[in-house]
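Please keep the coordinates open beside the text as you read.

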Amino acid sequence: NSFVLDVMASDYCHSHYPYYPKTNSWNKAVDCCLWGGVTCDNVTGNVINLDLTCSTFHGALYSNSSLLLPKLEELLLRSSNLMEFPHFLNSFKGLTNLDLSSNMISGEIPEWFWGISHGTLEKLDISHNLLRGGIQQLHWKRLSYINLESNSFQGPLPIPPPATSSFFASDSGFTGEIPSSICQLSSLKFLHLSNNNLSGNMPPCFGNLSNLVDLDLSNNILQGLLPRTLVKCVKLSSLVLNHNKFSDIFPHWLQAPKLFSIDLRSNKFHDRINLTAFGLSFPSLAYLFLSNNFLGWWLTEDFSNTSLIVINLANNMFGGPIPLPSPVTIYYSIARNNFVGKIPSLICNATKLEMIDSSNNGLTSSLPPCITNFSTHLSILSLGMNYLEGIIPQSLSWRSGLMTLDLSQNQFEGKLPRSLEKCESLEVLDLSFNRIKDTFPGWLGTLPQLKVLDLRSNNLKGFVDIPMGVDLFPKLHILDLSNNNFGGPLPAKLIMNLKAMTDDNDERETPLYMTQSFEKSSYENSLSITLKGIEIRLVRILTILTIIDLSHNSFKGNIPRDIGHLHFLIGLNLSYNHLTGSIPQTLGNLTNLEWLDLSSNKLCGGIPRELGDLSFLGHLNLSNNQLVGRIPQDTWSMFSKDSFSENPGLCGTPLSKECSPGSFSSTYDCNRHGHKNWFKQKIVWIGYSSGIVIGISMAYIAVETGRPKWLAQSVRMLERKAAEWMEKPKQKTIRFHRQ
């Protein structure tokens with residue numbers, strides 16, 4: 001009678017607890033011991049267990065007398081919309097299990113809470129709330145399970161009582177060193193302290209935790225050597241230490257025959273790995289994560305005799321021939337190392353492979369013939385930034401599962417394989433920076449999922465055209481054909497087909513980035529683009545990023561007015577062509593445009609005042625054309641004179657040339673008045689392809705030659721727009737750090 005309940009559970013509850021809330025079935029005409037979520041003692045009839053998960057309570061629950069159940073042992077109040085600790089908890093003397101997780105309880109933990117069921121409580125879960133303040137000590141002597149995760153506590157890590165076997169305190173705001181007193185928890189099996197601000201070294205006494213099964217200290221600022229006493233933890237099954245500052249050799253010395261997963265990513269582990277000792281130390285290992293360290297070997301050993309499901313060696317100093325994966329490997333990443341030589345045909349024995357990333361190495365020769373048909377599960381094949389050569393196999397038979405094919409920055413020749421049109425799941429095709437000789441592959445437009453098509457810097461030629469009345473490239477939102485030999489008019493029919501840049505496709509529930517998920521792993525699609533005049537590498541691609549780059553070709557004629565229909569376009573680069581006529585006023589409809597480069601063409605007439613309405617425009621380059629008249633002054637003060645240089649007929653700020661009273665306005669139409677000579681300019685390549693790595697939002701930017709403020713601001717702007725467009729909580733602003 002004291003409960004005031006909302007019978008409608010939240011969407012979260014419906015997805016995680018589909019049979020809740022139990023209170024919906026309560027009926028006063030029936031014995032309460034028969035109600036859902038209620039368990040009674042068979043002898044006394046007292047209520048001993050009460051599960052109120054996903055029951056949305058109102059004020060009455062917080063009174064001291066709202067729940068008088070003196071024999072209650074287990075109380076579950078998960079996801080019940082609690083705003084504070086219910087005072088009736090203080091009346092319970094025999095609770096063994098209390099779960100208050102996934103609520104909105106805020107503030108510091110009240111003093112009275114530490115005294116409830118002092119001699120009986122064994123399991124406490126207050127995770128996923130809004131709690132803050134410090135925790136000095138957990139006083140319950142019989143407590144064996146503690147979950148404090150996802151709160152905003154301050155201060156040092158609290159030490160659980162000696163009986164604790166599971167201690168979860170990840171993402172809780174704790175600071176300072178891990179106290180050595182934690183080594184007294186001889187029964188501890190599960191210890192998760194990730195995503196805090198813990199610093200210093202791991203206590204040397206860690207070996208005293210001889211029953212430890214699962215250790216996760218990831219995403220802290222721990223440093224130094226791993227304690228050699230860990231050799232005593234022979235029951236260890238999972239060791240997760242990624243994203244810290246540990247500086248040590250690979251822990252061959254561990255004696256962990258049951259170790260199933262080891263994650264040392266993004267630390268300072270160094271020196272060589274002895275694969276023979278590796279196999280002897282970890283015979284049960286299935287998941288190996290070593291990326292972003294300083295590890296290496298120059299031996300001919302491989303993983304073909306192991307049972308590794310995931311192999312991630314990316315961004316290290318490994319060299320020599322590439323190590324063969326296990327026949328059961330699913331995820332295989334050796335990117336950004338120093339591997340050399342051919343891709344061995346024996347790699348095709350790994351028939352379960354779903355992801356191969358061997359990019360950014362020194363691999364040579366042609367692709368092994370079997371690479372096109374060895375695995376029906378393959379969804380990612382990334383071999384970019386090597387020295388591979390020859391002809392791309394014309395008979396690709398990866399069925400319909402291939403989602404990413406990246407062969408960029410190699411020396412492939414010949415024609416594009418027509419069999420690609422069978423890959424109906426293909427989303428990213430990157431063949432840029434090769435020597436492919438062909439015409440525009442309009443036949444790729446039938447691929448229903450293709451989102452990124454990058455063919456820049458090849459030997460492609462001819463007109464870029466598609467048939468009228470055919471719905472092609474329905475999801476394409478990045479098109480890069482730059483630095484080829486295309487000619488003729490700009491492809492107006494193709495532009496009109498780019499529905500993903502024209503319409504709101506209602507894909508707001510898609511992920512923020514173009515990421516493919518695998519078992520305990522993921523693959524981030526990446527791409528080299530020219531962003532605001534600088535060549536950069538996007539290490540993550542926003543799903544809303546829309547770009548057209550047709551620069552450095554031989555396109556002629558006018559810019560089609562229809563390009564103004566691409567309302568979701570963010571970047572447009574038509575520079576270094578032979579375009580003529582006026583800049584169409586319809587470009588003012590591109591309200592999401594962030595950069596526009598029309599430089600080094602033969603454009604004439606005035607600058608449309610409508611371009612001044614593009615509130616997100618951060619980079620504009622109209623230089624080296626035949627534009628005339630007054631530069632619009634109202635919203636153009638942010639652009640430098642370089643944006644308008646080499647246009648002798650332009651005047652006004654920011655140029656030094658003042659306008660005469662009779663200067664043409666921005667409405668001057670050169671198609672009717674003719675135009676002057678075209679001033680040529682030598683092509684200048686501005687690139688930091690290995691010096692700037694840009695990741696928008698949760699990624700990073702590493703700039704060897706500095707961090708341009710405009711670039712960081714542009715990235716943040718894109719991030720904000722992405723969060724708003726997807727109706728998701730705003731992500732953290734960009735951070736500069738080493739991955």
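The report below covers confidence, sheet pairing, one aspartate and the cysteines.

## Model and conventions

This is a predicted model, in which local features need pLDDT of at least 70 and side-chain atom pairs count only at pLDDT 80 or more, while totals for chains, interfaces and linings use all residues. Residues are numbered from 1 along each chain as its sequence is written, and side-chain values use heavy atoms, with hydrogens and water left out.

The chain has a mean pLDDT of 85, where pLDDT is the predictor's confidence in each residue, from 0 to 100. A value of 70 or more is reached by 84% of the residues. Over residues 674-707 pLDDT stays under 50, and the model has 96 contacts there beyond four places in sequence; a contact means heavy atoms within 4.5 Å. Residues 728-739 also stay under 50, with 41 contacts beyond four places in sequence. Where pLDDT is low, the predicted coordinates should not be read in detail.

## An annotated span

UniProt, in an unreviewed entry, places the feature "domain: Leucine-rich repeat-containing N-terminal plant-type" at residues 22-41. UniProt positions are given in the numbering used here, feature names are shortened, and annotations may be inferred rather than shown by experiment.

In the model, the end C-alpha atoms of residues 22-41 lie 19 Å apart. The span is 0% helix and 15% strand. Helices (H or I, at least four residues) and strands (E, at least two) are DSSP runs, numbered from the N terminus.

An open sheet is formed by five strands in the order 25-27-29-31-33, with parallel pairing. Strand 25 (319-320) and strand 33 (411-413) are at the edges with a single partner strand each, so one side of each has no neighbour in the sheet. Two strands pair if DSSP finds at least two bridges between them. Within this sheet, strand 27 (residues 338-341) pairs with strand 29 (residues 362-365) over two bridges in the parallel sense, and glycine 341 stands opposite leucine 363 in strand 29.

## Aspartate 248

Is aspartate 248 buried or exposed? With 3% relative accessibility, aspartate 248 counts as buried; buried means under 20% relative accessible area, exposed over 50%, and partly exposed in between (1.4 Å probe, protein chains only). Aspartate 248 sits in the loop between strand 19 (245-246) and strand 20 (261-263).

The aspartate 248 side chain makes a polar contact of 2.8 Å with the side chain of arginine 228. A polar contact is a pair of N or O atoms within 3.5 Å; within protein, one must be able to donate a hydrogen and the other to accept it, and residues adjacent in sequence count only if both atoms are side-chain atoms. The side chain of aspartate 248 also reaches the backbone nitrogen of leucine 226 at 3.0 Å. Leaving aside residues up to four places away in sequence, aspartate 248 touches Leu225, Leu226, Arg228, Lys268, Phe269 and His270.

## Disulfides and other cysteines

The structure holds four disulfides, a disulfide being a pair of cysteine sulfur atoms within 2.5 Å. One of them joins cysteine 33 to cysteine 40, S to S 2.0 Å. The torsion about this S-S bond is about -95°, so the disulfide of cysteine 33 and cysteine 40 is left-handed. Cysteine 33 is partly exposed at 25% relative accessibility, whereas cysteine 40 is buried at 12%.

Another disulfide links cysteine 183 and cysteine 205, with sulfur atoms 2.0 Å apart. This pair links distant parts of the chain, 22 residues apart: cysteine 183 lies in the loop between strand 13 (175-177) and strand 14 (190-192), and cysteine 205 in the loop between strand 15 (197-200) and strand 16 (214-216). The torsion about the S-S bond of cysteine 183 and cysteine 205 is about 75°, so the disulfide is right-handed. Cysteine 651 and cysteine 659 are also joined, S to S 2.0 Å.
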